[in-house]
Amino acid sequence: MKKFRIFFNPIESREKWLNRMGDKGYKLNSISGMGTVYEFVETDCKYEYKAQYIGYMSNDERLEYESFLKDANYDFWNLQINLGQVSIGRVKFRPYARGTGRFATSSGMINREILIVEKLAADGEFKLFTDVESSISDLKMRRRTYIYLLSMIIFFAAFGMFFNNQKPIFKWTWKSYEGIYSPIMISMIILLAAIYAIYFIVMLSYEIKNLKESPYQ
């Protein structure tokens with residue numbers, strides 16, 4: 001059975017949906033279509049899933065982490081997110097990542113920003129992070145990605161507002177409509193992208209705050 005899905009929240013929403021499919025007796029078989037087409041097979045066993053953002057890792061860190069998952073008998077799939085990246089040929093610059101992870105290549109981290117991990121429910125508790133500090137660190141790295149995205153949005157909006165000599169944003173009107181590339185349409189896209197980034201910055205900050213106040217911290 002194949003299902004098509006697009007997720008506003010690429011981590012938590014995807015994870016919840018996959019676990020609902022697992023509860024119904026379906027096991028993930030493959031993912032295609034740039035992470036939008038999911039193929040499942042029916043099974044008598046129950047499977048659980050975790051979605052994790054790993055776009056901040058270097059390629060060596062990713063390989064080491066995936067080796068750990070293999071040793072733990074987890075199955076996993078790589079997905080792409082392509083959020084906040086600057087491409088130069090087949091190399092992508094990711095200033096929000098750490099160390100050598102700032103430069104992703106086609107043979108490394110490109111199109112491998114999200115990891116879907118699968119485990120048989122009968123094998124016991126499913127935790128990717130062994131302590132609260134690791135969970136907080138993961139959330140902070142995800143938040144950095146959205147902060148970078150918002151910074152880029154603000155930069156381009158400021159450019160359009162003050163430095164576009166032909167037609168700054170504050171002079172755009174509906175009369176300047178020129179199809180899907182009209183200034184009004186572009187400004188709406190910029191606004192929606194900003195709201196998207198701010199939503200995740202706030203949500204992740206809230207989760208970090210809750211973990212810091214956790215009695216287990």
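This report describes a sheet with its covering helix, and then the salt bridges, of a predicted model.

## Basis

Residues are numbered from 1 along each chain as its sequence is written, and side-chain values use heavy atoms, with hydrogens and water left out. Because the model is predicted, local features need pLDDT of at least 70 and side-chain atom pairs count only at pLDDT 80 or more, whereas totals for chains, interfaces and linings use all residues.

An open sheet is formed by 3 strands in the order β4-β9-β5, with antiparallel pairing; strands pair if DSSP finds at least two bridges between them, and strands (E, at least two residues) and helices (H or I, at least four residues) are DSSP runs numbered from the N terminus. The edge strands, β4 (47-53) and β5 (75-79), each pair on one side only.

Strand β9 (residues 114-120) is joined to β4 by 7 bridges, and within β9 Ile 114 is the bridge partner of Tyr 53.

## Salt bridges

The structure holds 5 salt bridges, each defined as a side-chain nitrogen of Lys or Arg within 4 Å of a carboxyl oxygen of Asp or Glu. One of them joins Glu 12 and Arg 142 (2.9 Å, N to O), linking helix α1 to helix α3 (residues 132-163) across 130 residues; Glu 12 and Arg 142 are both buried, where buried means under 20% relative accessible area, exposed over 50%, and partly exposed in between (1.4 Å probe, protein chains only).

Another pairs Asp 23 with Lys 46, with the closest N and O atoms 3.2 Å apart. Asp 23 is exposed because its relative accessible area is 53%, whereas Lys 46, at 41%, counts as partly exposed.
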